[in-house]
Amino acid sequence: MATQREQDAAEYLKKHKIVELMDNMTSMLLFYRPENPQEFLIEQLEQLKVSRETGMRGPTLFDNSNLVAICGIMDPANQKYISFEQYRQALTMLGIKHINENPEGKEKDKISHETFKTDAMEVLVRDSATYAKF
């Protein structure tokens with residue numbers, strides 16, 4: 001049984017999305033490997049602050065070029081669509097937990113590259129917004 005102090009700490013971490021913030025910052029450090037990690041983290045936190053204040057996109061690990069590359073891997077014949085199963089696998093590979101179960105094109109099992117990229121980027125941007133919204 002957790003003590004009141006442990007419960008308060010867990011609630012604080014959840015309310016302020018501290019675990020998600022640390023996960024994102026650590027991932028970005030390992031991905032970019034900046035010469036000056038402290039300066040890099042400060043810059044990322046400043047970008048998050050601007051994102052929160054303006055509603056603009058915050059820092060993320062993946063950009064459109066990464067999503068284009070994934071489409072190329074999933075669709076080597078360049079048919080401009082992937083199956084729903086490929087869609088699910090690719091989003092899962094990106095770390096997306098809550099997948100749109102009814103994307104445009106599912107009924108024909110042909111999800112366009114654009115639908116995949118739009119859905120993926122929407123969730124990646126939303127999930128990278130680790131600041132708490134009050």
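This is a predicted model: local features need pLDDT of at least 70, side-chain atom pairs count only at pLDDT 80 or more; totals for chains, interfaces and linings use all residues.

Reader: Where is V19 found?

Author: V19 belongs to helix α2, which covers residues 18–32.

Reader: Which residues make a nonpolar surface patch with V19?

Author: Y12 and L13 make the patch together with V19, and its area is about 280 Å².

Reader: You listed Y87 and F116. Are they buried or exposed?

Author: Y87 and F116 are both buried.

Reader: On to aromatic rings, then. How many aromatic pairs are there?

Author: The count is four aromatic pairs. One of them joins F31 and Y32 in an edge-to-face arrangement, with 4.8 Å centre to centre and 90° between the planes. Y32 has a relative accessible area of 40%, so this residue is partly exposed.

Reader: And why is the pair of Y87 and F116 called edge-to-face?

Author: The ring planes of Y87 and F116 stand at 75°, and planes over 60 degrees apart count as edge-to-face. The centres of these two rings are 6.3 Å apart.

Reader: Which parts of the chain does that pair tie together?

Author: Y87 lies in helix α5 (residues 84–93) and F116 lies in helix α6 (residues 113–128), so the pair ties together parts that are 29 residues apart in sequence.

Reader: Going back to F31 and Y32, which aromatic cluster do they form with F40?

Author: F31, Y32 and F40 form one aromatic cluster.

Reader: What sits over the ring of F84?

Author: The charged end of K106 sits over that ring, 4.5 Å from the centre of the F84 ring.

Reader: A change of topic: charges. How many salt bridges does the structure hold?

Author: The structure holds two salt bridges. In general, side chains of opposite charge can pair when their charged atoms come close.

Reader: Where in the chain are E101 and R88?

Author: E101 is in the loop between α5 and β2 (111–112), while R88 is in helix α5. This pair links distant parts of the chain, 13 residues apart.

Reader: Why do E101 and R88 count as partly exposed?

Author: Partly exposed covers values between the 20% limit for buried and the 50% limit for exposed. E101 has 36% relative accessibility and therefore counts as partly exposed. R88 is also partly exposed, because its relative accessible area is 29%.

Reader: With which residue does K117 form a salt bridge?

Author: K117 forms a salt bridge with E114, and the closest N and O atoms are 2.8 Å apart. Both residues lie in helix α6, three residues apart, which is about one turn of the helix.

Reader: Is K117 buried or exposed?

Author: K117 is buried, because its relative accessible area is 13%. E114, by contrast, has a relative accessible area of 48% and is therefore partly exposed.

Reader: Now the backbone. What is the phi of R33?

Author: R33 has a positive phi of about 45°, although this residue is not a glycine. R33 lies in the loop between α2 and α3 (37–54). With a relative accessible area of 64%, R33 is exposed.

Reader: And what is the phi of D109?

Author: D109 also has a positive phi, of about 55°, and is not a glycine. D109 lies in the loop between α5 and β2. Its relative accessibility is 40%, so D109 counts as partly exposed.

Reader: One last point. How many residues apart in sequence are A9 and A90?

Author: A9 and A90 are 81 residues apart in sequence, and 35 Å apart in space, C-alpha to C-alpha. A9 is found in helix α1 (residues 4–15). At 40% relative accessibility, A9 counts as partly exposed.

Conventions: Residues are numbered from 1 along each chain as its sequence is written. Side-chain values use heavy atoms; hydrogens and water are left out. Patches are made of residues with over 30% relative accessible area and no salt bridge: like charges are joined within 9 Å, nonpolar side chains (Val, Leu, Ile, Met, Phe, Trp, Tyr) within 5 Å. Accessible areas come from the Shrake-Rupley method with a 1.4 Å probe; for residues, only the protein chains shown count as cover. A salt bridge is a side-chain nitrogen of Lys or Arg within 4 Å of a carboxyl oxygen of Asp or Glu. Helices (H or I, at least four residues) and strands (E, at least two) are DSSP runs, numbered from the N terminus. Rings of Phe, Tyr and Trp (its six-membered ring) pair if their centres lie within 6.5 Å; planes under 30 degrees apart count as stacked, over 60 as edge-to-face and the rest as tilted. Buried means under 20% relative accessible area, exposed over 50%, partly exposed in between (1.4 Å probe, protein chains only). A charge sits over a ring if NZ of Lys or CZ of Arg is within 6 Å of the ring centre and within 35 degrees of the ring normal.
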